[in-house]
Each structure stands twice: as structure tokens, then as C-alpha cells.
Amino acid sequence: MKNLLTSDIGLAARLLKDGGVVGMPTETVYGLGASATNVHAVARIFAIKGRPVNHPLILHIHGIQDLDAWASNIPAYAYRLAQEVWPGPLTLLLHRRPDRSYDHFGGIQPFVTIRVPAHPMASALLAEMGDGIVAPSANRFGRVSPTSPTHVLEELADLLIPGRDIVLDGGPSDVGVESTILDCTEDAPVILRPGAVDADTVGQIGGVSVVQRVSTAHAPGTLASHYAPHAEVIVIREGDAVSDIFTKSSDLEDVAVQSAITPKYGLLALEQVSTPEGVVRLAAPTDSEAYARCLYRALREADALQLTRIIAIPPPEKGIGLAVLDRLQRAAAERR
Ligand code: TXA
Ligand code: MG
């Protein structure tokens, strides 16, 4: 495993240019990157992740100066947002340029998603590469996104080729949940996936009214069941009775038997929520930002501890709290 991990950005850039794939730290989550102009390298990303080709990849660019090279008909509000928020956790869905090829990014359609990541290693890698990098989150399809290099190796080490591929060690991810995806192909922008950049921020900076809707038409990857650990996730929202923790469980007898042997419940909630006896406290974040930062690590931890169920009490439903709720609900959604 060791020869897959590095902090050598020059090496990672060379491997990308040679058609390798690179586990890349970003401020949101770790991505699995390939050169945007290398059709074969990009195809490997889909193969490694086990991702259907109708789930397109986000293009990462070094800065706003590269935007026009990859998108057309960009509305003024999108420029304002790019100027203010980039580098940062905002992805813009824009019209493709007629003179470039994008179909290898997946999802044959007239649009492309673009963002400028804020992690200094991602930024340096993009500068060194001198080209765009397409990167999905560096997890197997439908699974929890990685927020550390160790998580990337847990997900993908078996599938990466030493000497050809590499994972950059950029430490834990700052934000912890994926970027906000904003559809900028209409007069009013639509939030397709909530993230750290919320609707109020988009509205204020963009000077537009924002539609908050998770559209499955434009973001085919935003499946109901996603970001899922093996453990069953039960989301308790404000107004739900705490006794629901038990009545929402699908198999009461099973719970009784298992908890009699060993604790199998995990709790994920803000610090002020106390931990019932016999329940493993997975995380006790102090605020919504901290909640987002530890969310995926906590879900992984639950699996490592072989817990059967995770009780999650989301943070207040505003700002990044909405993104946390969204990921928890997807983790809780029925598996296909
Ligand atoms: O924070 C992030 O956005 C991370 C880091 C690595 O940049 N990336 C990420 O990528 O979350 P991924 O592939 O795990 O999720 C991207 C989502 C998918 O649901 C995909 O279907 C959607 O964006 N998407 C990408 N390009 C699209 C397009 N052209 N049209 C519609 N949906 C698109
Ligand atoms: Mg993903």
C-alpha cells in the first residue's frame, strides 16, 4: 500500500500526463483524477469506481482564467459566483463548447460541470499539469466519499497500479461533504446538490433568486441511495420522538438480541445530545461545519466497528446543515 501514497506533486502530475489516475485531495472530499483530455485514463476512472457511464464527472480547472476554454454561454451570475467563490466548494453546470469533446466525461448531453478546488495540493497539481483534471469522489460507486488518504486506499488500493497511479496525501478534507452543484444553464440558477455554498450565498453573490431543487434529470448521479455505509442509517429529525429510534428500526427482535450481546448502535449527533447507555458515540461535533467534516469518517467508523445501525440526528437545517441532512438521507435511503 505504501508505494501508492506520496506528497510529490511533480510525480503525480507526470503520472497524470502519462495516463495514470491520481487520488487527489480537495477541500471537500478526495477525488480520483485523470487528465481531462486523455480518453483512456478517464475511462479507467469509471472502471475503477464501478461507475455507470451515465454519471458524468466534474472537470477541475486551475482558475477562472480557464473557464472560457471549457464552457460557453456563461451567464453573468455564474461569472460573479466563479469570481467570488473559486477556489472553493462550488461546481457550476454550464453549456459545453462546440469545439471540444466531452463525451468521455460521461452522460452524453450538452452540459459540463466545472469547479476550481481550493486545496493547495490540488491547485499545485493543476498548475503543474497545465490541463484540466476530471475527478469524481475517490470511492467505489454508491459508497461513502473519502475525506482522508487512508480512506482512498481503503476504497481503491486493490484497483490502483503502483508506478502508474498514485494517491496524494493532503491530510483530512476541510469541508467534508461534496461541493454544491449549481445548474447555470437557465435564467435562474438551480441547486442540484447542496454543499457548503448555500442558496443564500449563491443568491447574494450572484444577484439572482435561486431554486433549491434536487433534479434527477440534470444530475443523474444524485441517486436516492448513495453515500451509504454497510450499517443501516436511521435519521431522526427535529419533531421526531426519541422513541422513534426504536420504532423506526426494521427488526426489533434482532436489535434486542444483538444489543444483549454487544452494543451495535452508533449515534451521530451534535455535542449537546447525550449518548444513551450501550450506544457507541461515533462523533460529537460542536457545530454544523464540524458535523460535515466528521460525517463520512463517522460512517466509516461505524462499519469498522461492525455496528448494525447508525442513529443520526442532523444539525439545524440551514447552511451546510442542509448538505449534511441530504447526505444522511441518501445514506438512509433504501438500497437497490
Ligand atoms: O466536491 C466535489 O464535487 C467532489 C470533489 C472530488 O471535487 N467531486 C464529486 O464528484 O463529488 P462525484 O462524481 O462524486 O459527484 C458529481 C456529481 C454526480 O452526481 C454527477 O452525476 C453530477 O455531479 N454531474 C457531473 N457532471 C454532470 C453533468 N454534466 N450533468 C449532470 N450532472 C453532472
Ligand atoms: Mg461521489
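Predicted model: local features only at pLDDT ≥ 70, side-chain atom pairs only at ≥ 80, totals over all residues.

A: Two residues are in contact here if heavy atoms of theirs lie within 4.5 Å.

In helix 3, the residues Tyr77, Arg80, Leu81, Glu84 and Val85 meet Val202, Ile205 and Gly206 of helix 6. Sorted by class, this contact has 5 nonpolar, 1 polar and 2 charged residues.

The geometry of the pair comes next. Two packed helices are described by the angle between their axes and the distance between the axes. Helix 3 covers residues 76-85 and helix 6 covers residues 199-206; their axes come within 8 Å and cross at roughly 110 degrees. Helix 3 is therefore roughly perpendicular to helix 6, since angles of 65 to 115 degrees count as such. The crossing in which helix 3 passes helix 6 is right-handed.

The loops on both sides of helix 3 also deserve attention. Most residues other than glycine have a negative phi, and most peptide bonds are trans. In the loop between strand 4 (58-60) and helix 3 stands Asn73. Asn73 is not a glycine, yet its phi is positive, at about 50 degrees. With a relative accessible area of 63%, Asn73 is exposed. The loop between helix 3 and strand 5 (90-95) holds Pro87. The peptide bond that leads from Trp86 to Pro87 is cis, and its omega is near -10 degrees.

For the wider setting, one may turn to a sheet elsewhere in the chain. Strands of a sheet pair through backbone hydrogen bonds, either parallel or antiparallel. Here 4 strands form an open sheet with parallel pairing, in the order 12-15-13-14.

Strand 12 pairs with strand 15 (residues 309-312) in the parallel sense over 4 bridges. Ile234 has Ile311 in strand 15 as its bridge partner. Helix 10 (residues 320-332) packs on the sheet and touches strand 12, strand 13 and strand 15, with a direction at about 135 degrees to that of strand 12. Helix 9 (residues 288-304) lies across strand 13 (265-268), strand 14 and strand 15, and runs at about 140 degrees to strand 14.

The loop between helix 9 and strand 15 is the place of Gln306. Gln306 is not a glycine, but it has a positive phi of about 55 degrees. Gln306 is exposed, with a relative accessible area of 59%.

How values were computed. Residues numbered from 1 in each chain as written. Chains lettered and ligands numbered in written order. Heavy atoms only, no water. Pairing = 2+ DSSP bridges. Helix = DSSP H or I, 4+ residues; strand = E, 2+ residues; numbered from the N terminus. Axes fitted to C-alpha atoms, helices over the stretch in contact; angles between N-to-C directions. Parallel < 35°, antiparallel > 145°, perpendicular 65-115°, else oblique. Left-handed = near helix turned anticlockwise from the far one by under 90°. Nonpolar A, V, L, I, M, F, W, Y, C, P; charged D, E, K, R; others polar. Buried < 20%, exposed > 50% of the residue type's maximum accessible area, 1.4 Å probe, protein only.
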